[in-house]
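Please look over the sequence and the model below. Then read the short report that comes after.

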Amino acid sequence: MMRASSRVLSLLSSLALSFPPAAHAAQGPPRNMQRLIRRTPTLRVPSRDIRQELDLGCECCTPTEVRRRQMMTNMLGAGIAGSAGLIDLANRDKLMRRPGEKKEVIGKSSFAWCMANRMGSYESSVREAKERLFTSCFEAIRTRKQATNEVKPSNILEVGVGPGPNMPMYSKMLESGDRVWGVDANAYMGEYASQSAKAAGVPFEFMEGDAQRLPFQDNSFDAVVVSHVLCSVSDPIKAIREISRVLVPGGVFLFWEHIGAWEDKPMLRMQQDVLDPLQQVFFQGCHLNRDSLAAIERSKTFESIDARKFYIGDRMLLSPHAAGLAFKSKAS
């Protein structure tokens, strides 16, 4: 496994030397890079039927050998498919980094650009599931308000708002006077999120801030939303307790997170474990193998949690997900 990992790293390094630096950061990847990115196929986990067929083996391959080759193909494919974009982002960052900004492999400006321009297919694939979850969240808000005869507008906070991919959800759910606040540790996300909110017609205000030290008073929001956030914070339980702090009594915490694979997919979990250090370097501290749902449960800050785990079939290393709602005690 260590030799195989070294080969992957060696290949990525050789690829890095073969690509030219970005010439015009504001216009996205160079034209030849755009062609390469478009031509790079989306890697998909083989279907159950194909896996069963492979497990039958052949004259030269045992089932164990097939699985080993499949795992290495997936790992190598993930590196190749992502290398072009990652290398270009690293080059773009040299041009876009602000004076005095910390030097990183992939800086905050390039990461924000990537999230705003390279996540469309993912958001399209999960739109229906997300919409059902957001609908349940807003129904819970209205039920609580009806029970307490509360008539004031709702305040929603999205922690780690990113470029605002959830704005279309809010546009369908908000009532007159409701408002969305967005917090992100990456200040470059503010412009993208504000543009997304304006396009969706969502009343929105952005603030730069840390999920582990939210710049709001206690009991400020009717709901708090996170989407692919707990994978990146250094102390997820501290962030979860901050979320609970700013929720009103009876408030709702909506979470949508990619997580580590569980026991039914040991090979996928092994790949996540091996590639997790690289993921953290290139994606602002994101962990492939973190169990964010377990962190929510361990935080012991919510009266009840309604969640489920599921796989998104074509996302390979990011396919395991956990999503749901957690409810703060009404007596808090």
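The report covers strands, one arginine and the cysteines.

## About the model

This is a predicted model: local features need pLDDT of at least 70, side-chain atom pairs count only at pLDDT 80 or more, and totals for chains, interfaces and linings use all residues. Residues are numbered from 1 along each chain as its sequence is written, and side-chain values use heavy atoms, leaving out hydrogens and water.

## Parallel strands

Helices (H or I, at least four residues) and strands (E, at least two) are DSSP runs, numbered from the N terminus. Two strands pair if DSSP finds at least two bridges between them. Strands β1 (residues 155-159) and β2 (residues 179-184) pair in the parallel sense, over 5 bridges. One of them links I156 to V180 in β2.

β2 also runs parallel to β3 (residues 204-208), again with 5 bridges. Here V183 has M207 of β3 as its bridge partner. The chain passes from β2 through helix α8 (residues 189-200) to β3, in a right-handed β-α-β crossover. Right-handed means that, with the strands pointing away from the viewer, the path from the first strand over the helix to the second runs clockwise. β1, helix α7 (residues 167-173) and β2 form a right-handed β-α-β unit too.

## A buried arginine

R144 sits in helix α6 (residues 120-148). Its relative accessible area is 10%, so R144 is buried (under 20%; exposed is over 50%, partly exposed in between; 1.4 Å probe, protein chains only). Beyond neighbours within four places in sequence, R144 contacts (heavy atoms within 4.5 Å) E150, D222, V248, P249, G250 and G251.

## Cysteines

The whole structure holds 0 disulfides (pairs of cysteine sulfur atoms within 2.5 Å). C231 is in no disulfide: the nearest cysteine sulfur, that of C286, is 3.7 Å away. C231 is buried, at 2% relative accessible area. C137 is buried as well, at 0%.
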